[in-house]
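Student: I would like to go through this model with you and ask, term by term, what stands behind each label.
Tutor: Gladly; let us look at the sequence and structure together.

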Amino acid sequence: MIIIVQLLTVYSYIVLARVLMSWIPLDRSNPTIDRIVQFLYDATEPVLQPIREALPPMGGFDLSPLVVFFGINVLSRILLSL
């Protein structure tokens, strides 16, 4: 169970990196930065997109990362209590 919780923690850091990346203008012409950005999108979009579609519009704010953070927290607590 500890390994799963650690993987969930790593995934939450990946989601956090994606959120922070969206606030910073990046030069995507740099191949290294482009690969990092593409990895973050590829790793998080399958989880964020369904949540984004299920949430009502919030005036341009994307709250799907908050739902993911909350879900990871709840799931981690449940796993640790077993």
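Tutor: Helices (H or I, at least four residues) and strands (E, at least two) are DSSP runs, numbered from the N terminus, and Tyr 41 has its place in one such run, helix H2 (residues 31-54). This is a predicted model, in which local features need pLDDT of at least 70 and side-chain atom pairs count only at pLDDT 80 or more, whereas totals for chains, interfaces and linings use all residues. Residues are numbered from 1 along each chain as its sequence is written, and side-chain values use heavy atoms, with hydrogens and water left out.

Student: Why does Tyr 41 count as partly exposed?
Tutor: Buried means under 20% relative accessible area, exposed means over 50%, and partly exposed lies in between (1.4 Å probe, protein chains only); Tyr 41 has 32% relative accessibility and therefore counts as partly exposed. Not counting residues up to four places away in sequence, Tyr 41 touches Arg 18, Met 21 and Pro 46, where contact means heavy atoms within 4.5 Å.

Student: What makes Ser 64 buried?
Tutor: Ser 64, which lies in helix H3, has a relative accessible area of 0% and is therefore buried. With residues up to four places away in sequence not counted, Ser 64 touches Leu 48, Ile 51, Arg 52 and Leu 55.

Student: Why are H1 and H3 called roughly antiparallel?
Tutor: Axes are lines fitted to C-alpha atoms, for helices over the stretch in contact, and angles run from 0 to 180 degrees between N-to-C directions. Angles under 35 degrees count as roughly parallel, over 145 as roughly antiparallel, 65 to 115 as roughly perpendicular and the rest as oblique. The axes of H1 (residues 2-23) and H3 (residues 64-81) come within 10 Å and cross at roughly 165°, so the two helices are roughly antiparallel to each other.

Student: Which residues make up the largest nonpolar core?
Tutor: A nonpolar core is a set of buried Ala, Val, Leu, Ile, Met, Phe, Trp, Tyr and Cys residues joined through side-chain atoms within 4.5 Å. Here the largest one has nine residues in all, namely Val 5, Leu 8, Tyr 11, Val 15, Leu 48, Ile 51, Val 68, Ile 72 and Leu 79. H1, H2 and H3 each supply at least two residues of this core, and its largest share, four residues, comes from H1. One of the core residues, Tyr 11, touches Ala 43, Thr 44, Val 47, Val 68 and Ile 72, again not counting residues up to four places away in sequence.
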